[in-house]
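Please consider the sequence and the structure displayed below.

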Amino acid sequence: MSENTTTEAIRLAVGDTAPDFILLDSNGEELALSSLRGKKTIVYFYPAASTPGCTKQACDFRDSLESLQAAGYQVVGISPDAPAKLAKFVAKESLSFPLLSDEDHAVAAAYGAWGEKKNYGRVYEGLIRSTIVLGENGVVEVAQYNVRATGHVAKLQRDLGLDSK
């Protein structure tokens with residue numbers, strides 16, 4: 001493949017079977033998507049732990065976790081960060097759901113969450129903030145790309161018919 005070749009991210013759509021994965025969590029333990037089957041799962045991709053937007057989004061998921069779990073959902077966050085960085089983020093923000101390390105971006109790419117981004121006229125490859133909601137059987141029920149960090153969890157709850165407060 002030549003250096004000038006850019007790949008358009010293949011995005012998941014409603015009805016697709018989510019690609020399985022095994023990634024390390026913040027404790028260095030393996031977690032497989034297949035082990036989460038049987039419950040609805042919200043998989044969200046974020047660029048970097050401990051940055052302002054990603055912290056806001058993670059804390060929104062943390063603060064909404066009880067209501068999401070009551071509705072039958074579990075939450076998993078995925079970023080390119082190493083497990084040690086994720087562990088610090090989990091501890092600092094008291095996060096109570098798994099954060100997974102996708103250092104080589106393979107899972108993000110398989111989910112359409114890695115690709116071309118534009119920022120202030122600059123074009124580069126990077127993580128696209130995305131949320132994929134899976135049914136109990138691992139089939140995509142909601143696929144949202146280029147989501148905003150602030151307010152995303154509340155919007156997702158509305159989209160899922162789980163209006164909070």
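What is the volume of the largest cavity? The largest cavity has a volume of about 30 Å³. The model is predicted, so local features need pLDDT of at least 70 and side-chain atom pairs count only at pLDDT 80 or more, while totals for chains, interfaces and linings use all residues. Residues are numbered from 1 along each chain as its sequence is written, and side-chain values use heavy atoms, with hydrogens and water left out.

**The cavity**

A cavity is a set of points, on a 1 Å grid over the protein atoms alone, where a 1.4 Å probe fits but cannot get out; lining residues have an atom within 4 Å of a point. The volume is the space filled by probe spheres set on the points, which are joined across faces, edges and corners. Searching the whole structure finds one cavity of 30 Å³ or more. Among the residues lining the largest cavity are L33, R37, T41 and G138. The lining comprises three nonpolar, three polar and three charged residues. Here Ala, Val, Leu, Ile, Met, Phe, Trp, Tyr, Cys and Pro count as nonpolar, Asp, Glu, Lys and Arg as charged, and the others, Gly among them, as polar.

**The nonpolar cores**

A nonpolar core is a set of buried Ala, Val, Leu, Ile, Met, Phe, Trp, Tyr and Cys residues joined through side-chain atoms within 4.5 Å. Buried means under 20% relative accessible area, exposed over 50%, and partly exposed in between (1.4 Å probe, protein chains only).

| Core | Size | Residues include |
|---|---|---|
| Largest | 22 residues | I42, Y44, F61, V75 |
| Second, separate | 21 residues | L31, L33, I78, L127 |

The elements giving two or more residues to the largest core are β3 (40-45), α1 (52-70), β4 (73-79), α2 (83-93) and α4 (152-159). Helices (H or I, at least four residues) and strands (E, at least two) are DSSP runs, numbered from the N terminus. The largest share of this core, five residues, comes from α1. Contact means heavy atoms within 4.5 Å. Not counting residues up to four places away in sequence, Y44 touches residues including F61, V75, F97 and L99.

**Helices α1 and α4**

The axes of α1 and α4 come within 9 Å and cross at roughly 35°. Axes are lines fitted to C-alpha atoms, for helices over the stretch in contact, and angles run from 0 to 180 degrees between N-to-C directions. Among the residues making the contact are F61 and L68 of α1 and V153 and L156 of α4. The contact residues divide into four nonpolar, five polar and one charged.

Conventions
1 Å grid on protein atoms, 1.4 Å probe; cavity = no way out; pocket = protein on both sides within 12 Å on 5 of 7 lines; lining within 4 Å.
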